[in-house]
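Me: I would like to go through some of the labels attached to this model and ask what each one rests on.

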Amino acid sequence: MLVKRTVKNWEENIINYFRTRITNGFAEGLNNKIKLIKRIGYGVPKVENLKRRVFLSLLSI
């Protein structure tokens, strides 16, 4: 019954995907890349440097 309830709760979103074929995959990919940069740069003393690093990494996309 859990699957049935889950599908019912997400029914509109599931149908919208099949209508438009649009996902948020690109945004999720950006979020993952930013999280990775944050993990690699752990201990960076200035937030501004972290922002610059994220920006430079995302330029290649």
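Predicted model: local features only at pLDDT ≥ 70, side-chain atom pairs only at ≥ 80, totals over all residues.

Reply: Residues are numbered from 1 along each chain as its sequence is written, and side-chain values use heavy atoms, with hydrogens and water left out.

Me: Why is the pair of Tyr-17 and Phe-18 called edge-to-face?

Reply: Rings of Phe, Tyr and Trp (its six-membered ring) pair if their centres lie within 6.5 Å, and planes under 30 degrees apart count as stacked, over 60 as edge-to-face and the rest as tilted. The centres of Tyr-17 and Phe-18 are 5.1 Å apart and their planes stand at 70°, so the pair is edge-to-face.

Me: What makes Phe-18 exposed?

Reply: Buried means under 20% relative accessible area, exposed over 50% and partly exposed in between (1.4 Å probe, protein chains only). Phe-18 has 52% relative accessibility and therefore counts as exposed, whereas Tyr-17, at 31%, is partly exposed.

Me: How do you know that Lys-8 and Glu-11 meet in a salt bridge?

Reply: The term requires a side-chain nitrogen of Lys or Arg within 4 Å of a carboxyl oxygen of Asp or Glu, and the N to O distance between the side chains of Lys-8 and Glu-11 is 3.3 Å.
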